[in-house]
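Please have the sequence and the coordinates to hand while reading.

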Amino acid sequence: GIQAVAAAYNQINLAWAQIPQADGYEIYRDGQWYQTVWGGNNCSFADTAIACGTTYTYKVRPLRNVDGAPVYGEFSVDASAVTSLPEIGRASCRERV
């Protein structure tokens, strides 16, 4: 599965278990493809293109290149995290990128 943890008002850290023989992983955010992370042992990602005070839902699936074509594994179960609001006077919420 995937874990999503709000690390700050502007960052959510994702981590998932390594899948043997994977060449990379596709990350989906709120039901849409979001990012591909290459490297079968690269099992984390920091999402910083977010808005504070917002809930985001993620899932991940492994991929492997077979004869130049991608082959996908099953999606993980969804994981959600909500970003916090910044401390007053320290930073302001920015618009979602």
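The model is predicted. Two residues, Gln21 and Asp30, are discussed for their backbone angles, and Asp47 is discussed for its contacts.

**Positive phi angles in loops**

- Gln21 is not a glycine, yet its phi is positive, at about 70°.
- The loop between strand 2 (11–16) and strand 3 (24–29) contains Gln21.
- Because its relative accessibility is 58%, and exposed means over 50%, Gln21 counts as exposed.
- Asp30, a residue other than glycine, also has a positive phi, near 50°.
- Asp30 lies in the loop between strand 3 and strand 4 (32–38).
- Asp30 has a relative accessible area of 35% and is therefore partly exposed.

**Location and burial of Asp47**

- Asp47 belongs to strand 5, which spans residues 44–47.
- Asp47 counts as buried because its relative accessibility is 0%, where buried means under 20%.
- Asp47 and Ala6 are separated by 41 residues in sequence, while their C-alpha atoms are 9.5 Å apart in space.

**Contacts of Asp47**

- Leaving aside residues up to four places away in sequence, Asp47 touches Asn10, Gln11, Ile12, Arg29, Tyr34 and Tyr58.
- With Tyr34, Asp47 forms a side-chain to side-chain polar contact of 2.7 Å.
- The side chains of Asp47 and Tyr58 are likewise joined by a polar contact, at 2.6 Å.

Notes: Residues are numbered from 1 along each chain as its sequence is written. This is a predicted model: local features need pLDDT of at least 70, side-chain atom pairs count only at pLDDT 80 or more; totals for chains, interfaces and linings use all residues. Side-chain values use heavy atoms; hydrogens and water are left out. Helices (H or I, at least four residues) and strands (E, at least two) are DSSP runs, numbered from the N terminus. Buried means under 20% relative accessible area, exposed over 50%, partly exposed in between (1.4 Å probe, protein chains only). Contact means heavy atoms within 4.5 Å. A polar contact is a pair of N or O atoms within 3.5 Å; within protein, one must be able to donate a hydrogen and the other to accept it, and residues adjacent in sequence count only if both atoms are side-chain atoms.
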